[in-house]
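Follow the chain below through its helix pairs first. After that come the overall layout and a few single residues.

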Amino acid sequence: MKKIVLSLAIVSLLFSCNKQEDSITTTDGNLAETVGKRGCYSDEHLKDQLAADPTLAKRMEEFELKAAEAIAQGRIVNGVLEIPVVFNVLYRTTAENISLAQLQSQIDVLNKDFNAQNSDYNTANNPYSSVRANVGIRFVLDQVIRKSTTKSSWGTADAMKKANRGGLAPTSPTTKLNIWVCTIGGGILGYAQFPGGSSATDGVVLDGKYTGTTGTATYPFNLGRTATHEVGHWMNLRHIWGDATCGTDSVSDTPVHNAANYGVPAVGHRSTCSGTPLEMYMNYMDYTDDRGMYMFSGGQKTRMLAIFDVGGSRASFR
Ligand SMILES: [Zn+2]
C-alpha cells in the first residue's frame, strides 16, 4: 500500500513542473480570493524536492518502512521528548522583526497543542473526542537569530534557508528544529520539510503574520496553529484529505475527506466520499481557521513518534 502511495506521488511529479508554475501564478493572481483562506505549501514543496533529488523518494520510502516496523513492534517511546527550537527571523521592516514575546507565544502554543493542554481541547460537540491524543512532545526556545534583509518576500523555494541567497542557514538541524520567520508571499502561511529531506533545508517556514498569538499575529490565523500544522508535517503528518479527493493520510483513525475545509465547518460535516464519513474538520492537519482546529488523533501521534524511534528519520533528536 505504501509503495502504491509512493508510486502515485512519483506519478504526480510528472505533472509537477507545469502544475507548480500554474499554482504559483494562480495563487499570486488571485491573492484577493485567497486572503482569509489557509494556504500551506508543504505538499507542493515536497513535490519540488522529489523532482530536484532523485534519491529522496527511496530515502523516504525506507524511513516509512522503518516507521511502520516500529509501530508494528510497539517500539514507540512514550516518554516526553523535548525539542530545542531555533527561530531564524528575517526582516526588512520593523514590523517583520517580530518580538521575543511573539516568538515565545508560539512556543507556548506548540507546548499546549502537542500536550493536550490547549484551552479548546475539550470543545463541546467534538464527534471525535474519543480519538484525541496527547502527543507528549515539548518544545523549548533555544535561540533567536535575526537578520536584516532587503527582500520584501521570500517565496517557497527555500531562499530563506540559504546564506548565499540572503537568508540564514539552519543551526544544528539534526538536533534542533529550525523555524524561519519571514514574509513568504503568494497567500502562503507556512510550509515544512518532511522527514527524509536534506538537513541543509530542514525545518519549518512561517510567515510572521501567522506566528504566535500576539504582536503582528493576524486573524483568523492568530492563535499559533499554523506552526502546529507545519510541525505536524515536519513530524511526517500529511494533510487530513491526503492531498487528493478522498485521498489517504496513511493514518488509520482519521476519516476520508473530500478536500480541505476552510473557515470553521458546521458540527457534523460529512464528506461525500464512500460511506459519507464524518470529517475530522477539527484536526490540526485540515485547513480550517485557527479557532476551528484543536486536536491530533491517536494514529497521528503514533505516526509522529515513529520518526524519533531508533533508525527513524529524526532519531537524532532523541
Ligand atoms: Zn499543510
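Helix α5 passes helix α8 in a right-handed crossing. (A crossing is right-handed if the near helix is turned clockwise from the far one by less than a right angle, and left-handed if anticlockwise.) Helix α5 spans residues 56-72 and helix α8 residues 298-306. Their axes come within 9 Å and cross at roughly 120 degrees. Such axes are lines fitted to C-alpha atoms, for helices over the stretch in contact, and the angles run from 0 to 180 degrees between N-to-C directions. The angle makes α5 and α8 oblique to each other. Angles under 35 degrees count as roughly parallel, over 145 as roughly antiparallel, 65 to 115 as roughly perpendicular, and the rest as oblique.

Which residues of α5 and α8 meet? From α5 come Glu64, Ala67 and Ile71; from α8 come Thr302, Arg303 and Ala306. By class, the contact of α5 with α8 has three nonpolar residues, one polar and two charged. Here Ala, Val, Leu, Ile, Met, Phe, Trp, Tyr, Cys and Pro count as nonpolar, Asp, Glu, Lys and Arg as charged, and the others, Gly among them, as polar. Contact means heavy atoms within 4.5 Å.

This is a predicted model, in which local features need pLDDT of at least 70 and side-chain atom pairs count only at pLDDT 80 or more, while totals for chains, interfaces and linings use all residues. Residues are numbered from 1 along each chain as its sequence is written, and side-chain values use heavy atoms, with hydrogens and water left out.

The crossing of α6 and α7 is right-handed. Gln106, Val109, Leu110 and Asp113 of α6 touch Arg225, Ala227, Thr228 and Val231 of α7. This contact of α6 with α7 divides into four nonpolar, two polar and two charged residues.

Now step back to the whole protein. It has eight helices and five strands. Helices (H or I, at least four residues) and strands (E, at least two) are DSSP runs, numbered from the N terminus. Of the 318 residues, 51% count as buried. Buried means under 20% relative accessible area, exposed over 50%, and partly exposed in between (1.4 Å probe, protein chains only).

Serine 42 lies in helix α4, residues 42-52. Is serine 42 buried or exposed? Serine 42 is buried, because its relative accessible area is 0%. Its side chain makes a polar contact with the side chain of glutamate 230, at 2.8 Å. A polar contact is a pair of N or O atoms within 3.5 Å; within protein, one must be able to donate a hydrogen and the other to accept it, and residues adjacent in sequence count only if both atoms are side-chain atoms.

Tyrosine 128 sits in the loop between α6 and β2. It is buried too, at 16% relative accessibility. Leaving aside neighbours within four places in sequence, tyrosine 128 is in contact with residues including Pro255, Leu278 and Met295.

The peptide bond from tyrosine 219 to proline 220 is cis. Proline 220 lies in the loop between β5 and α7. Cysteine 246 is not a glycine, yet has a positive phi of about 55 degrees. Cysteine 246 is in the loop between α7 and α8.
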